[in-house]
Every structure is written in structure tokens, then in C-alpha cells.
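I open this notebook to keep track of what I look up. The entries follow the order in which I checked things.

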Amino acid sequence: MQVRFWGTRGSIPKPGPTTIHYGGNTLCHELRTARGTLVIIDCGTGLHGLGLKLLSGGGHGLAGHILISHTHWDHIQGIPFFAPFFVPGNKWNFYGPKGLNQSLRETLAGQMQHTYFPITTDEFGASIRYHDLVEGTFEIDDIKVTTQYLNHPALTLGYRLEADGATVVYCCDHEPFSRDVAEGHREFFGLDQHHADFIQGADLLIHDAQYTAAEYPSKIGWGHSSTEFVVKLAQHADVKHVVLTHHDPLRTDGALDGIVEEVRDGLKANHWTVLVSAAAEGAMIEVKSSGILPSRSSRDEFRATASIKPALSHRSVLIKVADVKVATAIGEAVRAEGLRANFCSSVETARMVIAQDTPSLAIIDHAVADDDGKAILDVLQAVKGGELPVVMVATRVQEKEGVTDWLTTPFTDSYARTKIRAWVLRETCRFIRAPIPENEPARLTSLRALNILDTEPEERFDRITRVAAALFNVPMATITLLDENRQWFKSCQGTAGREDPRDASFCAHVVYNREPMVVVDALSDERFADNPLVLGGPRIRFYAGYPVTLDDGNCIGTLCLLDTRPHTFEESDLRQLRDLALIVTEQFQALKVEQA
Ligand SMILES: [Zn+2]
Ligand SMILES: [Zn+2]
């Protein structure tokens, strides 16, 4: 992989005689794999120069992928001035963290409203697709991308990119979670160790290092790291080469030279092996293959691009904080994120809340944990098999069993909201909406030509679902037709409703893949664990669906089996389900002939 630096400055562009060497443009990076895949990471003012370079080759037929760490100004302000967006035929994909209330597209469009800029995002000539990300792993052509939330006062994702046998990790903007770790008083633990795991073994790490250790104490909570912390982190995580970036606007070339020199003296004194440099605009780094195969993290099984909307209305946060002011502030932050706040005054009320309404997150204070001993933490740990994230409010981050994260006081409203959002989103990514098939318009035309949607139940179809339910010993079986925004059941055995939103549909996955799908236990399947049809009625645990594909090649729906208990499903079962699905298909074909 090749990485070129087009912008290295944090916060605000700083051109001038004192920043000639390291550069004055805000953050932007160009990454290319050996196969030619183009990825742009962050879109500060450096993006303008990159756009001109891309256009110098004619500018037509350009395609690329743009990863946005977060939507603070210094990471997106180059977008309106990126000329390749205005060339018809160019294809760009935007990826960035998903907010709870606004999509990435809406946020990016915000800075191009007429008040700020003469052209809106609707007027881009290129075709642009937006992908809202949560934590997880996905693929961009030949690159495996893994995302992880960083610690910053805006919802921010770090990116780990693996291709050509090499790994590049990008972490901007990020501040250590624990002040003790940040200031070098303690070794890595908890979430700081989690962060180190994310960058482990990187061949190239590009990391926010806006401050020096001397400056850091007056900048706590601003969401940036010190040079000293980043170098130690890189050494700790076996990084080959770390590039310090997000240079402070006040940092001159001379000052940066001094910082790098001091760091390198420190490396020698400690016998550290990590290579350290400061990002310089225009510099290019060839990242060589380390010969190590991409890691297979446990997160491989689900994709980072997920729809979270349908599940969010179910989400609530349990709050047990004694200080009224702090509790009120947290409650407001929770509600501002569109979630429900459940206040508890005692361990008993917490138990009641948990019994009635599974929370997505618990926020408790340090005082509470001390007063009631381990009682409250024990109660919380019993929820979701110990998977419920618990954020503890305290003046300082410590090591404590059962605590997932810390909210240090005093905190700003946006900081609290970011933290809440990150934890709730981490949860909701255990649910994936099926993509829309490429031939969707033709598929819908074919389905609608049957004139069957919203018709009465018919014995010739009900007979099949009855047999299916009995044959496989499941309480529910349906003949599902996948309409534009819903799944509708021509026949349903054992279920009350006759339709569900398409977002939640299991069958939509079968229709998209045009292959049978078996989910042995939805609760332990990352694609469905948080699906509304799993969390709520009909509480699906087992699913087996076979596609119903008409003669014209369009897959209009499925024959599927459902149960509220997990099931195994053998090859022979699948063959029988196939036979029944083919009978369903024949009935639909017959319907076509009847109507012709
Ligand atoms: Zn920044
Ligand atoms: Zn920022």
C-alpha cells in the first residue's frame, strides 16, 4: 500500500512561512493498494490538492472510497472543493460513523446548505453513495476494513485497513481514556488496552498527537493525544512505524522538528524499536508487506455497515447516579439521543427496571457502587449474560471489575452524548438489514404482475404451510412475498400478523442472496440478535427459508419455517423444504397462467 499525506494540520488550516515543511492544510490522506483501489481518509482542506491531482489525468471514470473519521470541521471542510465530485460518471462511496438522529449524508449536506456554500450536495455530478458505519468489519474491494470507536467529543471511528499483506491504522481524533495512562503513570489497561489491541502489529500507524505531554494537562477532555502517549502506545502495540499528525495550528516547523528530535532521543534511551516521524504534507510512504496475514478478529462475522433505525426505539438506558445535577445532565443527554432514560434510586428499583425492560446501557456513579458494595454491579452483570455495558461516573478512570467505560466529571453535554451513542450503537450493530437486490425494479414488477398482494388467504397455499409446520415440527410457517417496503404473507401458519417492515425481514436476506438460509439460533447470530422480530414478537429464534423464484428468474419471496426455540437443520431437511418451496413456486406459476 502507498499512503500520501495531503493535509496534516488539526483544527484549522494554517498556511504560512512557519508551516512550509509540515504543511498548513487540514487532514487528508490518499491510500492506494497494489491493485489500484483508492481510499481517501478524511477530507480536510488537503482534499482540494488531491482533487486537482486526480483531475489532471482527465478526471473521467474516477472511482474511490472515502472514509470519514468524524464530522468535525477539520475532517470534512475540503468536501465542497473536491472537483471530482462534480464530474458526471465518477463514482464515490462515503463511509462514516452513523449518528442516532442524522445520517452521514445529512450531516455532510449540512455544511453545504445555501447559507454556507453556493452549491448543495444534490448538485454533485458524480454518483455518490453514503454508508453509515458502526463498529465492525467490512470489505472495500481488496481491503479489509475494521472500525472501532475512538475517545473524542464527537462520535469518531478509527480505521484499520489490511491489504497487500500490510496493515495501516488511522486514529484521529483520539484521547486516552485514562488520565493515568495518558500521563504515563500507569501501564495500559481497560479501554486503553482495547485501543492498543486495535492497532496491534500495524505496519503504519497514523495517530493524533496534537499536544506534548507538557501541554496535555490543560487540554484534558478536548479529545486529543500527546506525542509521548502515542509513541509509547505504538511501541506497546508492536507498531513498525508511527506517524504523528493532527499538528496543533500553533506548532511551527521548527517546533515540530524539535519534538521529533526529542522523541528519537527518548527511543534510543529506552531501546525502543518503533520508527517515529511527523506527518508532512506531500510526503509518501510505501507500506511494505510484513508477510503477516490479516487478523481474523471475532468481529469478522458481521458487517460494519448496518441499519440501526428499527431497533433504536426499543433502547433505554438505566441511570443510577446519586448526584441530582449529574443525573439530570445524563438523563438529558440520553433523551437528546432519542433513547429512554430509566432512573433508579436503589438496587431494588434497578432490579425492577431490568425485569421489565432490558436496558442497552447502564450508567452508575462511583458513590453508588461504594455504598451498595458490589450489589448494583452484580445485578447489572446478570443482565444479558454480562454483556450489558456499564459506564461509571467518577472523577478519575480506574480499574474496576464489571465496569466497561468511564464518564469522568466534569463532562460536557456533547461528551456524554457521544459516549452514550457509542455504547448504544455498539449494541445495535448485532442486527443487519438485507441489502436491496440489484434487479429490484424488475423483481417488484414481476411480483406485482401476480396481483396477489393483499388478497385473501387461499387453501392451495395454506395447505402447504400447514404441511410444512407439521413436517418440521415448528409452530410457524409462512409463504412470504417481499414487497418494496414490507414482507407480506400469502399464507401464515401460527402467526397473527400478515406483514412486517422489510427492514426486519429475515426473508429479505434469502431474496437478496437467492439462496436458502438457516438461522439455528437468532440470539447468537450477529446478523439477527437485535432484530425487532427476535427481541419482540414473534420472538424468532429459529429460521429456515427457501427462495421462491419464478420462471422469469425473479425471486419474489420464500417459503419459511419459524420457531421460538433454536433448532438444528440437516441437509435432508433442506431438501424437503426445497420440494415444498417448488410446490409453492408452481402455484404462483399457475396463477400467472390463470391471469394471462
Ligand atoms: Zn480534528
Ligand atoms: Zn475532532
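Is His-70 buried or exposed, and why does it count as that? I found 0% relative accessibility for His-70, so it counts as buried. The cut-offs I use are under 20% relative accessible area for buried, over 50% for exposed and partly exposed in between, with a 1.4 Å probe and protein chains only. His-72 is partly exposed because its relative accessibility is 30%.

Notes on the source. The model is predicted, so local features need pLDDT of at least 70 and side-chain atom pairs pLDDT 80 or more, while totals for chains, interfaces and linings use all residues. Residues are numbered from 1 along each chain as its sequence is written, chains are lettered from A and ligands numbered from 1 in the order in which they are written, and side-chain values use heavy atoms, with hydrogens and water left out.

Entry on the zinc ion (ligand 2). I listed its protein donors as His-70 (NE2), His-72 (ND1), His-152 (NE2) and Asp-173 (OD), at 2.1 to 2.4 Å. Donors are N, O and S atoms within 2.8 Å of the metal (3.2 Å for Na, K and Ca), and sites may look incomplete, as water is not among the atoms. Along the chain the spacing reads H-x1-H-x79-H-x20-D. The four donor atoms subtend angles of 91 to 174 degrees, so the arrangement is irregular. Irregular is what remains when four donors are neither tetrahedral (all angles between 85 and 135 degrees) nor square planar, and six are not octahedral (for these two, opposite donors over 155 degrees apart and all others between 65 and 115).

Entry on the zinc ion (ligand 1). I found Asp-74 (OD), His-75 (NE2), Asp-173 (OD) and His-246 (NE2) coordinating this ion at 2.1 to 2.2 Å. This site is irregular too, with angles of 85 to 168 degrees among the four donor atoms. The two zinc ions are 3.3 Å apart, and Asp-173 coordinates both. Helices (H or I, at least four residues) and strands (E, at least two) are DSSP runs, numbered from the N terminus. I noted Asp-173 and His-246 as buried.

Entry on a sheet. I traced six strands in an open antiparallel sheet, in the order S22-S21-S20-S25-S24-S23. Strands pair if DSSP finds at least two bridges between them. S22 (499-501) and S23 (517-519) are at the edges with a single partner strand each, so one side of each has no neighbour in the sheet.
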